[in-house]
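Work through the following exercises with the sequence and the coordinates open beside you.

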Amino acid sequence: MNRIYFDNGSTSFPKAAGVPEKIAELLTKGAFNINRGSYEEAYEMEEIVLETREKIAHLFHAKDSRQVIFTPGITYSLNFFLKGLLKSGDHVITTSMEHNAVMRPLHQLEKEGVTYDIVQGDSRGRVKAEDFERLIRKETKAIIMLHASNACGTILPIEEVGKICKKHHLFFCVDTAQSAGTIDVDMEKCCIDFVAFTGHKGLLGPQGIGGFIISEELDKVLVPLVAGGTGSQSDSLEIPPYLPDKYESGTLNLPGIVGLHAALTYIEKETVEKIHEKKMELTEYFLNGIRRFPWIRVVGEPEMENRVAVVTLDFQGMDNSIVAFELEQHDQIMTRVGLHCAPKAHQTLGTFPQGAVRFSFSAFNTKEEIDICICAFERMKGYR
């Protein structure tokens, strides 16, 4: 691929080494189901699924791999939490930086009697942990927030908020779409009851696979959203009460899990720390390169502290959509322009309704690619 891919916040590309091959091997040699067939190939597939659960549990410092539940993606996972926990009269707290994967379900639930308050972020996308505590009511059930903003890359204080949740006996749900595989997320240390993850971004796996990790306390009250066959307790019409079967009705996305297994194996070898270091090196190089252009505003955190490798730019005096189109057509640079499924976040950041252009890097990008992008910005000066 000769084009330059700077849209890893949407989905990673290229995927980790071994991912395409392992998926192809499964589909060509035998896509056997688990919990159904009583033959050797099915048992081998079960072992891969178990190993993948163990790798995810280890990545997020979970106590037991049975706490790891697979879903089609992080949006499904967040819906499992919100719609499986909240009922009329309940109250929840979130932030103004959230993705629509949180805001749209909350908007739906509001029509059913659930109320919510929003902790307002500042113009850099930062929120203060103490602002959550001020909004807690007697009917507050949970706090739900992202770890790192998909709209600007700012990191939010999940450890501090987690401690507040523990103090007030609230459930704590964290969206790790932009941080998993990049920043260490310790479920126990941060007092998290529900970690929502996706496999196709920082975890470098295929689309269509994600999941959540659930605490023992939350599992006691969360209602499964989907019911059906699990291959276990088939003599009963009741959903199995134990993990992970309780939340995994239907056929799992085994090609996706196999691809995720390969990606996690790659990440373990390379280490999250080294991957993060490379991504942040590229991010710093990019930020330093654009400082010469006073008409390009960095949306969110303009410095290196407290951010991930997501840099969003507002090209002042230009149409951001035209900038993205020009980069793609003239320079073969792929970005993402618009509101990034996070209108509340863009209102917070001062880029609503016009949106902005997002550049999100992976460890597979290079400084040479960034140099090409900076040269493109230089050329655009004449368009203003």
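**Exercise 1.** Describe how helix α1 packs against helix α8.

*Solution.* Begin with the axes: those of α1 (residues 19–29) and α8 (residues 254–270) come within 8 Å and cross at roughly 145 degrees, where axes are lines fitted to C-alpha atoms, for helices over the stretch in contact, and angles run from 0 to 180 degrees between N-to-C directions. Helices (H or I, at least four residues) and strands (E, at least two) are DSSP runs numbered from the N terminus. Next, assign the hand, which is right-handed for α1 and α8. Then list the residues in contact (heavy atoms within 4.5 Å): Val19, Lys22, Ile23, Leu26 and Leu27 of α1 meet Leu254, Pro255, Val258, Gly259, Ala262 and Ala263 of α8. Sorted by class, this contact comprises nine nonpolar, one polar and one charged residues, with Gly counted as polar and Lys as charged.

The model is predicted, so local features need pLDDT of at least 70 and side-chain atom pairs count only at pLDDT 80 or more, whereas totals for chains, interfaces and linings use all residues. Residues are numbered from 1 along each chain as its sequence is written, and side-chain values use heavy atoms, with hydrogens and water left out.

**Exercise 2.** Determine the strand order of the open four-stranded sheet, and find which helix lies across β10, β12 and β13.

*Solution.* The order is β9-β10-β13-β12, with antiparallel pairing; two strands pair if DSSP finds at least two bridges between them. At the edges are β9 (296–299) and β12 (336–338), each of which pairs on one side only. Neighbouring strands are turned by 30 degrees against each other on average, direction ignored. Looking at one pair, β12 is joined by three bridges to the antiparallel strand β13 (residues 356–360), and Arg336 has Arg358 of β13 as its bridge partner. Finally, helix α10 (residues 320–331) lies across β10 (310–315), β12 and β13, running at about 40 degrees to β13.

**Exercise 3.** Is Asp219 buried or exposed, and which residues surround its place in the chain?

*Solution.* First locate Asp219, which belongs to helix α7 (residues 216–219). Its relative accessible area is 13%, and Asp219 is therefore buried, the term meaning under 20%, with exposed over 50% and partly exposed in between (1.4 Å probe, protein chains only). Leaving aside neighbours within four places in sequence, Asp219 is in contact with Ile214, Leu243, Lys246 and Tyr247.

Key:
Left-handed = near helix turned anticlockwise from the far one by under 90°.
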